[in-house]
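Good morning, and thank you for coming.

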Amino acid sequence: MAKPPAPGSVLVPDWHESAEGKEYLRCILRKSRRRVFGECLSPVTSVTCCSLQGAEESVGKGSLVAKAHKLLLPSPHHAKWLPRPSTGIQTTVVFWPAKLQASSRVVMFRFEFWDCGESALTKFDHMLPACQEKADAFLFLFSFTDRASFEDLPGQLARVTGEAPGAVKMVIGSKFDQYMHTDVPEQDLRAFRQAWELPLLRVKSVPGRRLADGRTLDGWAGLADMAHVLNSLAEHLWHQDQVAAGLLASSPENTPD
Amino acid sequence: MGEERGPGGAVHLLCLAASSGVPLFCRSSRGGVPTRQQNLDVQLSSARTEDTTVVWKSFHDSITLIVLSSEGGHSELKLERLLQMVFGAMVLLVGLEELTNIRNIERLKKELRASYHLIDSFLGNSELIGDLTQCVDCVIPPEGSPLQEALSNFAKATRTAFVSLVVSGRVLAATEGWWRLGTPEAVLLPWLLGSLPPQTARDYPVYLPHGSPTVPHRLLTLMLLPGLELCLLCGPQPLLSQLDPQLLESWWQPLLEPLRASVLLGPGALPAGFPLHEDILGLLLLHLELRRCLFTVEPSGDKEPSLVQRRRLLRSFYSLVTSTHFPPEPGLPEKVEDTAQKAQVPRACYLVSGPEEPGTGWRLVALQVGPRRLLLLLSPQSPTHGLRSLATHTLQALTPLF
């Protein structure tokens, strides 16, 4: 598999903070709230599937997806959406615009996150193959406050590398903001990076900022929180596609379209 | 949403393993905050008021459910049906085997967490009424809508007998197989969808409490539009990945307009422009053989009382008339009234909530003709001597719907 691209080499970094980027983001936000896109309405330009892997229910997979999607439709009973352990497979669609370095073209990525509850995975044989089938990327989640979830990573990575050698793999550490309780020191992360040469990102797990009504999550703030993850994901997937299409050698330089 | 419960009212639900008495979970309607088991005693003692009603039920000699309600006007019928729904929800997500053959209490407690969201929705102020009536909440699609045909063809193409379209927890259209699902899964499945946060798609293992309590089926849900989901109940096929966006678009994109129109119907339940008498503030129509119902409090929505209050009035009225006045519903094991008459004989009753002077007090009228039972909430202006004929005319107009 080709070396992963250097960050910012494929997509214009921080483009989402530019005036142009914000215009595109406006179409996935409405009045500062994330819009929900149903299947029929999807303006599909680039379809990719990602699978979320994580050892424990409490690692925060559900929250990670919720944050990326920034969905906050109040249920009939609660003003806030409370994360709950998932009983099976759940997929969430997230749209993310990104600007290519080489051609300055803007591509709208459509991410389909597949998330499966751990207890369902162990109980039902069909769940894991269903999630892994046709996945373009695997996101391995661990929690900074849970050492066991970090130690589980090599096993998970080895298994997926065996079954899907061509897929993009990324590691995301959640609850990074809870530094008082961190169980995973920097040197362990460094050692991990050197051993696996995989992108490793960190996310917070605090609920995002809210709008003036005190309830609705601020879509702009939520996107800012998750932008680096989505950008990185888009970058790696685009690079992977280019390599697979034979447009690139093992080096991460882009050829113009 | 600012739901107000009755003054100081709350509902507490406790689940115990019958043999050991070990608590498995405790849920409460107060703000939806889950009660920790170590605070169990503290929570229960706060429910000890003069008006507390307690109902308990044991299931399969293995699980005991106890509900305490300190809300005014909670009849036993309401609470008994609540317990049946709650146990149904537990079976739906965990399976009967795990509940009747408890090998590991801690693991069971962990697994039951998956059912909290659904159970909490029974304790909250839902827009639906299937939990109480044990009939499926429905929405009537616009007339001549091609949705039913499209659904049947889709079911044939995916080789699935059980397919439905669900809007905000209400069934919009369904295959014959889906309509034949037993109680309580027929009510639980759309209700489950209504209680979950939106997802593009789901593949959940579910156990059908009546039809298949120990062997799971797969519940596939696909969001066609925000608020509208396509549901399939199936075995190992089709895989979720086979129902990809391109396939769904080819089936459902041509029907985008009727689908969009249906999403807007949601809480209204009836087709837009359906003629209803202007005094009607709320309506509950039940078909007791088909086990379906229409429930709406939208008519003249800008008038008093609030929608929450209207729902509460109709729910209480339903409990009252069902337990005291009308013949027992077919197929449900409930107490038989000594004075029960044949279901073919029309029966009607009304109730005025408040003083009976003209122009004050909400009117509630109930009418049963054959398998159909209609309950109406009417404004204070509606003259009491005209209630029965108003109800009769409304029922006649609604009869073609189901």
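Let me begin with a definition: pLDDT is the predictor's confidence in each residue, on a scale from 0 to 100. We need it at once, since what you see is a predicted model. Over residues 31-48 of chain B, pLDDT stays under 50. For that stretch, the model has 23 contacts beyond four places in sequence. Where pLDDT is low, the predicted coordinates should not be read in detail.

Chain B as a whole averages a pLDDT of 84, and 86% of its residues score at least 70. Residues 1-7 of chain B, however, have a pLDDT below 50, with 17 contacts in the model beyond near neighbours in sequence.

I turn now to chain A. In strand β6 (residues 137-143) of chain A, 7 of the 7 residues are buried. One side of the strand carries A:A137, A:L139, A:L141 and A:S143, the other A:F138, A:F140 and A:F142, and both faces are covered. This β6(A) pairs with strand β7 (residues 168-174) of chain A in the parallel sense, over 7 bridges. Within that pairing, A:L141 has A:I172 as its bridge partner.

Next, chain B. Why is helix α5 (residues 116-123) of chain B described as largely enclosed? The reason is that 8 of its 8 residues are buried. Among the elements that cover them are β1 (11-17), α2 (76-94) and α9 (185-195) of chain B.

Strand β7 (residues 170-174) of chain B is also largely enclosed, because 5 of its 5 residues are buried. Its partner is strand β6 (residues 162-167) of chain B, in the antiparallel sense over 4 bridges. Here B:S164 stands opposite B:A174. The hairpin has 2 residues between the strands, and B:S168 takes a positive phi near 45°.

Finally, consider a single residue. B:S382 lies in the loop between β15 (372-378) and α13 (387-398) of chain B. Is B:S382 buried or exposed? Its relative accessibility is 1%, and buried means under 20%, so B:S382 counts as buried. Its side chain makes a polar contact of 3.1 Å with that of B:D279. B:S382 also touches residues including B:R363, B:L387 and B:L390.

Terms used: Residues numbered from 1 in each chain as written. Chains lettered and ligands numbered in written order. Predicted model: local features only at pLDDT ≥ 70, side-chain atom pairs only at ≥ 80, totals over all residues. Heavy atoms only, no water. Buried < 20%, exposed > 50% of the residue type's maximum accessible area, 1.4 Å probe, protein only. Pairing = 2+ DSSP bridges. Polar contact = N/O pair within 3.5 Å; in protein donor to acceptor, adjacent residues only side chain to side chain. Contact = heavy atoms within 4.5 Å.
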